[in-house]
Amino acid sequence: MRRLVVLRHAKSAWPEGVPDYRRPLADRGRRDAAAVGRWLAAKVGPVDLTLVSPATRTRQTWDIVAAELDGAPTVVHDEQLYGEGPDSILAVLGTLPQSAETVLLIGHNPDLEDVVATLSGTRPVLKTATLSLLTWDGDRFDLTPGAAELTTTEKVREG
């Protein structure tokens with residue numbers, strides 16, 4: 001079985017004069033990201049590979065999530081995961097190594113909702129710190145439309 005966890009970054013701040021790409025996490029976002037990490041550790045287990053948008057808020061989300069996980073998966077920061085559209089994200093997913101069984105993707109909306117809808121046929125609502133778990137039977141990630149099963153969508157918050 002293959003699993004893809006699609007996570008929208010945690011809540012970001014909106015400091016005046018800071019471009020979108022550089023927006024940091026808000027205090028709530030830092031707390032929620034830690035809760036996401038604990039949820040992943042308890043419900044998903046080891047992650048083989050993490051794909052992260054290079055934006056500040058997604059990098060910070062990953063750093064906090066990672067601190068809650070057992071082990072350190074390989075991490076790839078890819079510009080195609082920041083505002084390039086769902087086809088770019090699917091292109092990145094198309095390069096996944098066969099050795100990766102569980103992949104975590106951290107990015108932005110609306111692209112993430114579009115990717116989940118394409119892969120599963122079901123459109124989730126991915127608010128900040130919300131994740132969707134997609135699964136495939138078999139030994140590969142099949143990226144054809146509707147090939148994945150949307151197992152769960154969870155809004156993970158601290159407290």
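What follows is a short chat about the sheet, helices, cores and aromatic pairs of a predicted model.

Visitor: What kind of model is this, and what pLDDT do local features need?
Guide: It is a predicted model: local features need pLDDT of at least 70, side-chain atom pairs count only at pLDDT 80 or more, and totals for chains, interfaces and linings use all residues. Residues are numbered from 1 along each chain as its sequence is written, and side-chain values use heavy atoms, with hydrogens and water left out.

Visitor: OK, the sheet. What is the strand order?
Guide: The open sheet has six strands in the order β3-β2-β4-β1-β5-β6, with mixed pairing. Strands here are DSSP runs (E, at least two residues), helices likewise (H or I, at least four), numbered from the N terminus. Two strands pair if DSSP finds at least two bridges between them.

Visitor: Which strands stand at the edges?
Guide: β3 (74-77) and β6 do; each has a single partner strand, so one side of each is left without a neighbour in the sheet.

Visitor: And β4, how does it pair with β2 and with β1?
Guide: With β2, β4 pairs in the parallel sense over four bridges. β1 and β4 also pair in the parallel sense, over six bridges. Leu51 has Leu105 in β4 as its bridge partner, and Arg8 stands opposite Gly107 in β4.

Visitor: How many residues of β4 are buried?
Guide: Six of the six, so β4 is largely enclosed by the rest of the structure. Buried means under 20% relative accessible area, exposed over 50%, and partly exposed in between (1.4 Å probe, protein chains only).

Visitor: Which residues sit on each side?
Guide: Thr102, Leu104 and Ile106 are on one side, with Val103, Leu105 and Gly107 on the other. In general, side chains in a regular strand alternate between the two faces of the sheet.

Visitor: Switching to the core. How many residues has the largest one?
Guide: The largest nonpolar core has 22 residues, and Leu4, Leu51, Leu93 and Leu119 have the most contacts inside it. Such a core is a set of buried Ala, Val, Leu, Ile, Met, Phe, Trp, Tyr and Cys residues joined through side-chain atoms within 4.5 Å. At least two of its residues come from each of β1 (2-8), β2 (49-52), α3 (86-93), β4 (102-107), α4 (111-120) and β5 (130-136).

Visitor: What does Leu93 touch?
Guide: Leaving aside residues up to four places away in sequence, Leu93 touches Leu4, Leu51, Val115, Leu119 and Leu143. Contact means heavy atoms within 4.5 Å.

Visitor: What else is buried in α3?
Guide: Along with Leu93, the buried residues of α3 are Ser88, Ile89, Leu90 and Val92. Their cover includes β1, β2, β4 and α4.

Visitor: And α1, how far does that helix reach?
Guide: Helix α1 (residues 27-43) has 17 residues and reaches 24 Å from its first C-alpha to its last, close to the 24 Å expected at 1.5 Å a residue. The expected span is 1.5 Å times one less than the number of residues. The buried residues of α1 pack against β1, α2 (56-67), β4, β5 and β6 (149-155).

Visitor: How many aromatic pairs are there?
Guide: A search of the whole structure finds two. The rings of Tyr21 and Tyr82 have centres 4.9 Å apart and planes at 90°, so that pair is edge-to-face. For Trp136 and Phe141 the centres are 5.1 Å apart and the planes at 75°, so this pair is edge-to-face. Rings of Phe, Tyr and Trp (its six-membered ring) pair if their centres lie within 6.5 Å; planes under 30 degrees apart count as stacked, over 60 as edge-to-face and the rest as tilted.
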